[in-house]
Amino acid sequence: MTPELPRPPAAPRPEDLPPAVIVDAAPDDPRVAGLMNAQQRELRALYQDTDERTEPFNPMVLTGPGCVLLAARRGDDRAPLLACGALKRWDAQSAEVKRMYTLPQVRGQGLARALLEELIVRGRREGYARLVLETGDQQEAALALYTRAGFRRIPNFGYYEGVENSLCFELPLGS
């Protein structure tokens, strides 16, 4: 008889974890920069992409008027940052959701949903009529998150026009 191997511990359920704490962040915070860099490495691996094909992005643009950069953690100020997301102002009516990323080991715990909900609140507070975003066609969890939040497909815009694996969305914010 083969001895039974010990089972790995079950992943914690989101309701059993401390609540997500959403905090304002700065793009020059090394912890936030680390999350954004991890996101870019993961996307380049997923799409076998290179620096030459990836949209040029300077995180410091997230410090301008109408921009918002948030991070998520569980616990007090000493707790590590686990996820990030941002709004980049396009014009007086629109902002783009940028740099949504959750560390792989804590995915499925509601952090991205909490970040996106707060970005929507902040977008309304900034007076935007809509939010737009781009994600890749292989990012099933992101597609599900955005669809559940009410985002709908739109034609690819700006840098993403003609990029076959890019999918663009918008969320009218209403009043």
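## The largest pocket and what surrounds it

Sorted by class, the residues lining the largest pocket come out as 21 nonpolar, 13 polar and 13 charged. Here Ala, Val, Leu, Ile, Met, Phe, Trp, Tyr, Cys and Pro count as nonpolar, Asp, Glu, Lys and Arg as charged, and the others, Gly among them, as polar. Keep in mind that this is a predicted model, where local features need pLDDT of at least 70 and side-chain atom pairs count only at pLDDT 80 or more, while totals for chains, interfaces and linings use all residues. Residues are numbered from 1 along each chain as its sequence is written, and side-chain values use heavy atoms, with hydrogens and water left out.

Back to the pocket: 47 residues line it, and Leu43, Met100, Thr135, Gln139 and Ala142 lie nearest its centre. A pocket is an open set of points on a 1 Å grid over the protein atoms alone, where a 1.4 Å probe fits, with protein on both sides within 12 Å along at least five of seven lines; lining residues have an atom within 4 Å of a point. The volume is about 1200 Å³, taken as the space filled by probe spheres set on the points, which are joined across faces, edges and corners. H1 (30–46), S4 (94–102), H2 (111–125), S5 (130–136) and H3 (140–148) each give the lining at least two residues.

As for the fold, the protein chain has three helices and seven strands, in the order β-α-β-β-β-α-β-α-β-β from the N terminus. These are DSSP runs numbered from the N terminus: helices are H or I with at least four residues, strands E with at least two. Two of the helices compare like this:

| Helix | Residues | Reach, first to last C-alpha | Expected at 1.5 Å a residue |
|---|---|---|---|
| H1 | 17 residues | 24 Å | 24 Å |
| H2 | 15 residues | 21 Å | 21 Å |

The expected span is 1.5 Å times one less than the number of residues. H1 is followed by Gln48, with a positive phi near 45°, and H2 by Gly127, whose positive phi is near 90°.

In H2, the buried set is Leu111, Leu115, Leu116, Leu119, Ile120, Arg122 and Gly123.

Now for the largest nonpolar core: 41 residues, with Val97, Met100, Leu131, Tyr146 and Phe151 making the most contacts inside it. Such a core is a set of buried Ala, Val, Leu, Ile, Met, Phe, Trp, Tyr and Cys residues joined through side-chain atoms within 4.5 Å. Leaving out neighbours within four places in sequence, Val97 is in contact (heavy atoms within 4.5 Å) with Ala86, Leu87, Leu119, Leu131, Val132, Leu133 and Phe151.

Cys84 sits in strand S3 and counts as buried, at 1% relative accessibility. Beyond neighbours within four places in sequence, its contacts include Leu35, Met36, Met100 and Leu115. Ala71 is 13 residues from Cys84 in sequence but 4.2 Å away in space, C-alpha to C-alpha.

Finally, Asn165 is in the loop between S6 (152–154) and S7. Is Asn165 buried or exposed? Buried, with a relative accessible area of 18%. Not counting residues up to four places away in sequence, Asn165 touches Tyr47, Thr135, Gly136 and Asp137.

Conventions:
Buried means under 20% relative accessible area, exposed over 50%, partly exposed in between (1.4 Å probe, protein chains only).
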